[in-house]
Amino acid sequence: MITSELYHYKNDVYTLTVYAQKVPLKTAFRISRGAKIAADVLVITLSSEQHTGWAEAVPYKRYGESYQQAVEQIHDVVVRSSCLSDLRNAINRIDSGAAKNALDCALWDLQAKLSNSTVLNLLPPLQPQLTQITSVITAQTLSINSPDEMAKAALNLMDAPLIKVKLDGDAVLQRMRAIHAASPHSQFIIDANEAWSFEQLKSYVKELVKLNVVLIEQPLAESQDWALSEFDSPIALCADESCHTAEGLECLVDRYRVINIKLDKAGGLSEALNMVKKARSLGLDIMVGCMVGSSLAMAPAMIVAQYATYVDLDGPVLVAQDRSYKFDIIAGYLTALDWSLWGGPHENPEIGLFDVRR
């Protein structure tokens, strides 16, 4: 990983440092909006009383985010905060996005260490109240390629129980037929990333049901998804780009059956848990997803995964270089969270690589 420091702040109570990291991927990752060979992530370390919390987030161009914007948001928060309670209040007031996610989750991690406990003992009431973080089935992602290449990639997953297929608007059925033939016992999530028209969606769904597709993420552009209120889809539809925070979830009820909670969109674990509570009250199912990043980004999302019908946290298998305490995927299951990575009382020695205690 290539690391560079972007920002450093210190007062009498805490020290905060922001880093840019480039995390190389095993292979090029392609979606309908383009391809990448590395994940450009933001890492925050937050230290107080000889303890350090940390977190990772991804400023996302689709939402107009950048490293510079994130640093400006973080600066505005910390200069108004003389203590950790001030910092928490300031975080709650800023806009959702990657900067808020990193601040929120780094503070959760630090507070767990300061209390010599785990994040589970700090969570707000939400039924069922969690006592442990268990392994879950996660989707494993196929990026866009030719039908033959995508079929080969699916075959390498050896009938994974759940496969997520990135698609654009071209050769949709040809690709899915090839993938299904290669992995006939798998269930599939299709992520169109806003690339389809309403007419395409209507023309695809009947055959996609026969190909074990159980969920379609954001088939239409966010500005066009009003059309879904008139459509009785035989496959559950999931809001992704149309869903950010708990605010406005009511508007999605007649369009989608599932919402995709991503901490980078929501602005951290705190708002993600608010979304879980509200979605359940509205009868919406929950998917927890991620941007492409390391196991550190997946760690707080694994708490949300305990409440989710669909989990898509396969970032650890996409990166070529991961954190020291990392997630694995075994027979389709994402292993349980190691508290030494994030959210527990143990200091992670890897944080020392960032030289945060100045």
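**Close-up views of a predicted model**

**View 1. Lys 113 in helix 3.** Lys 113 is found in helix 3, which spans residues 98-114 (helices, H or I of at least four residues, and strands, E of at least two, are DSSP runs numbered from the N terminus). This is a predicted model, in which local features need pLDDT of at least 70, side-chain atom pairs count only at pLDDT 80 or more, and totals for chains, interfaces and linings use all residues. Residues are numbered from 1 along each chain as its sequence is written, and side-chain values use heavy atoms, with hydrogens and water left out. With a relative accessible area of 2%, Lys 113 is buried (buried means under 20% relative accessible area, with a 1.4 Å probe and protein chains only). Neighbours within four places in sequence aside, Lys 113 is in contact (heavy atoms within 4.5 Å) with residues including His 51, Thr 52, His 346 and Glu 347.

**View 2. The largest nonpolar core.** A nonpolar core is a set of buried Ala, Val, Leu, Ile, Met, Phe, Trp, Tyr and Cys residues joined through side-chain atoms within 4.5 Å. The largest has 122 residues, and Leu 208, Leu 269 and Trp 342 have the most contacts inside it. Helix 3 supplies the largest share of this core, 10 residues. A second, separate core of 9 residues includes Ala 139, Leu 162, Cys 238 and Met 287.

**View 3. Leu 123 in a loop.** Leu 123 lies in the loop between helix 3 and strand 5 (136-137). Its relative accessibility is 12%, so Leu 123 counts as buried. Not counting residues up to four places away in sequence, Leu 123 touches Trp 108, Gln 129, Leu 130, Leu 269, Leu 273 and Ile 303. Leu 123 and Ile 303 are 180 residues apart along the chain, and their C-alpha atoms are separated by 9.8 Å.

Methods: Buried < 20%, exposed > 50% of the residue type's maximum accessible area, 1.4 Å probe, protein only.
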